[in-house]
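Hi everyone, thanks for coming.

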Amino acid sequence: LLTLSIGAFLFRYPEISKATYNFIKAPVSQVSSNNNKINILLMGKSGENHDGADLTDTMMLVSIPLKDGEIKTVSIPRDVWVPELMAKINSAYYWGKYGSAYFSLQDTGGGISFAKRIVGKIIGQPIQYGVVIDFSAFKDIVDAVGGISVDVEHPFVDNFYPIEGRENDLCGGDKSFSCRYETVIFDSGVQTMDGATALKFVRSRHAEGDEGTDIARESRQQKVIAAIKDKIVEPKTYLSTKRISALLTIANKYIETDINLPTVGIIVRKGLENMNNISQKRFPENLVVVPKTNPIYDNLYVFIPKAGNGNWEEIQKWFTENF
């Protein structure tokens, strides 16, 4: 009965049938790659009902080998300044999507394509595919897999975590607008998190001390993504029709990508083959500096290369050596 059900399902959805075939056979000639590696730019945006809905405050390069080897990941700081955009790197997806209406960017190719082009130029690495996830999906994915376990290495307190829906609340005249925020606390040690808790863990920006930096936030995001991966590959998840159905529904609603379904089969296969060999790299903070507030950078807090604004050579060298 199970075999017949699966057969009927695959017959009804031929793209899933192709993906299943590719997962089993893994015809690597059908996937775009460079030096036997698939580079994927994973981006997270805040989505509707949030300021800067199309700014990708989370940007992560994921490199998957076509042969046995390490899966490598590194987060790209959202505050890297891109001279040709006259904006931070987290706006590349936005300008790719809407740029022709504002700049003379007549051929951006769309948000994902443009973001891949901009990031690829900075790091000196070709990026074959892109994925954009609405942060709303983050919460739903964690809940769909039944929660995740995360080892919180560094405890922190954030007294200014924004409460959704209260962004413009006048707080009855309270000039500190304290009603717009809540305090979130994370103690050290392994913790079980539901979707809402995981979202707060990865989005917190105003923690006291070192955990208030973007680099620390990106490290937390890597931890949660790894925890989600661990939960998805558990038999009780991938053998659960209910959980897989929920994940597919979430993906269809919240995820945008230029990877077609048959190619997903190959990438998933190669990811699973090397899932026990993952190296999480840390962006080389020593190669960037924070310049003084300046109209050149729109008076924003930004990162520029230590070698000089727009000089990416040292950063590209680091990526060449590590990826």
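Let's start in the loop between β8 and β9, where you find Phe177. Helices here are DSSP runs of H or I with at least four residues, strands are runs of E with at least two, and both are numbered from the N terminus. Phe177 is not a glycine, yet its phi is positive, about 50°. Most residues other than glycine have a negative phi. With a relative accessible area of 29%, Phe177 is partly exposed; buried means under 20% relative accessible area, exposed over 50%, and partly exposed in between, using a 1.4 Å probe and protein chains only.

Asn35 also has a positive phi, near 55°, and is a residue other than glycine. Look for Asn35 in the loop between α2 (14–25) and β1 (37–45). Its relative accessibility is 64%, so Asn35 counts as exposed.

A quick word on the basis for all this. This is a predicted model, in which local features need pLDDT of at least 70 and side-chain atom pairs count only at pLDDT 80 or more, while totals for chains, interfaces and linings use all residues. Residues are numbered from 1 along each chain as its sequence is written, and side-chain values use heavy atoms, with hydrogens and water left out.

Now the overall picture. The protein has 11 helices and 14 strands, and its C-alpha trace spans about 65 × 45 × 40 Å along the principal axes. Of the 323 residues, 43% are buried. Among contacts with a separation of 6 or more, 66% are between residues 24 or more positions apart, where contact means heavy atoms within 4.5 Å.

Next, please find α6, residues 195–203. Which residues of this helix are buried? They are Gly195, Ala198, Leu199, Phe201 and Val202. These residues sit on the same side of α6, because they cover an arc of only 160° around the axis; the arc is that of the directions from the helix axis to the C-beta atoms. Their cover includes α5 (135–144), β7 (148–152), β8 (156–162), β9 (181–186), β10 (189–193) and α7 (214–232).

On to a helix pair. The axes of α4 (residues 111–123) and α11 come within 7 Å and cross at roughly 90°. Axes are lines fitted to C-alpha atoms, for helices over the stretch in contact, with angles from 0 to 180 degrees between N-to-C directions. The two helices, α4 and α11, are therefore roughly perpendicular, the word for angles of 65 to 115 degrees. In the contact, Lys121, Ile122 and Ile123 of α4 meet Ile315, Gln316 and Phe319 of α11.

In α11 (residues 313–322) we also have Lys317, exposed at 53% relative accessibility. Its C-alpha atom is separated by 8.2 Å from that of Ile123, 194 residues apart along the chain.

Leaving aside residues up to four places away in sequence, Lys270 touches Ala26, Val28, Ile64, Pro65 and Leu66.

How values were computed:
Angles under 35 degrees count as roughly parallel, over 145 as roughly antiparallel, 65 to 115 as roughly perpendicular and the rest as oblique.
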